Amino acid sequence: MTDLAAPPAAETNRRLDAIDRKILTVLQDDASLSVAEIGDRVGLSSTPCWKRIQRMEAEGIILRRVALVDQNKIGLGITVFVSVESGDHSDGWLKKFADAVSAMPEVMEFYRMAGDVDYMLRVVVADMQSYDVFYKKLISAVSLKNVTSRFAMEKIKSVTALPVPAASAA
């Protein structure tokens, strides 16, 4: 829910030049590279490259650097997309719901939606029994109008790297 605090895209575009964008692309591909290796790939020496990375971290463009883990290899073989409809749209209800869902480690992503559902969750669990435990925890957290679960049969595409747009001409 922190996306609401993000600056307008036009403002960010002015702050990011072509080299910043190359750095972001390299980091999204492999954040374990040394600053010297990143600098070599984007045509900078280490110090200016490091300063750019630090600036983008300070500005919240780079949120964090993480390791990506294969969910199947650690026993989390089921992905469920959960649609939630609410009969209550008050601020108090949303805060209680958001706090409860955010505290559930099975929830990988959580969105407030426009359209025919109010919220969408991406949930990862080991098996059907684990999902049932999660489901019972979800429906007991707050009053819900409808919960629909859609089980992924096969992951066809999954990426973490955003398509960094080219710098716009000012």
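Me: Where is the place of Ser86?

Reply: Ser86 sits in the loop between β1 (78–85) and α5. Helices (H or I, at least four residues) and strands (E, at least two) are DSSP runs, numbered from the N terminus. The model is a predicted one, in which local features need pLDDT of at least 70 and side-chain atom pairs count only at pLDDT 80 or more, while totals for chains, interfaces and linings use all residues. Residues are numbered from 1 along each chain as its sequence is written, and side-chain values use heavy atoms, with hydrogens and water left out.

Me: Does Ser86 count as buried or exposed?

Reply: Buried means under 20% relative accessible area, exposed over 50%, and partly exposed in between (1.4 Å probe, protein chains only). Ser86 has 4% relative accessibility and therefore counts as buried.

Me: Which residues is Ser86 in contact with, leaving aside its neighbours within four places in sequence?

Reply: Contact means heavy atoms within 4.5 Å. On that basis, and with neighbours within four places in sequence left aside, Ser86 is in contact with Trp93, Asp118, Tyr119 and Lys145. A polar atom of the Ser86 side chain also lies 2.5 Å from the backbone oxygen of Asp88.

Me: How is a polar contact between the side chains of Glu106 and Lys137 to be read?

Reply: A polar contact is a pair of N or O atoms within 3.5 Å; within protein, one must be able to donate a hydrogen and the other to accept it, and residues adjacent in sequence count only if both atoms are side-chain atoms. The side chains of Glu106 and Lys137 are joined by such a contact of 3.3 Å. Glu106 belongs to the loop between α5 (91–102) and β2 (107–112), and its relative accessibility is 17%, so Glu106 counts as buried. Not counting residues up to four places away in sequence, Glu106 touches Arg122, Val123, Val124, Val125, Phe134 and Lys137.

Me: What is the relative accessible area of Thr148?

Reply: The value is 27%, so Thr148 is partly exposed. Thr148 is placed in strand β4 (residues 146–151). Its side chain makes a polar contact of 3.4 Å with the side chain of Asn146. Thr148 and Val84 are 64 residues apart in sequence, yet 6.6 Å apart in space, C-alpha to C-alpha. Not counting residues up to four places away in sequence, Thr148 touches Phe81, Val82 and Ser83.

Me: Turning to helices, at what angle do α3 and helix α4 pack?

Reply: Axes are lines fitted to C-alpha atoms, for helices over the stretch in contact, and angles run from 0 to 180 degrees between N-to-C directions. Angles under 35 degrees count as roughly parallel, over 145 as roughly antiparallel, 65 to 115 as roughly perpendicular and the rest as oblique. For α3 and helix α4 (residues 46–58) the angle is about 100°, with the axes 9 Å apart. Therefore α3 is roughly perpendicular to α4. The contact is made by Val35, Ala36, Ile38 and Gly39 of α3 and Ser46, Cys49, Trp50 and Ile53 of α4.

Me: How do the axes of helix α2 and helix α3 cross?

Reply: The axes of helix α2 (residues 18–29) and helix α3 (residues 35–42) come within 10 Å and cross at roughly 125°. Therefore α2 is oblique to α3. Their contact is made by Ile19, Lys22, Ile23, Val26 and Leu27 of α2 and Ile38, Arg41 and Val42 of α3.
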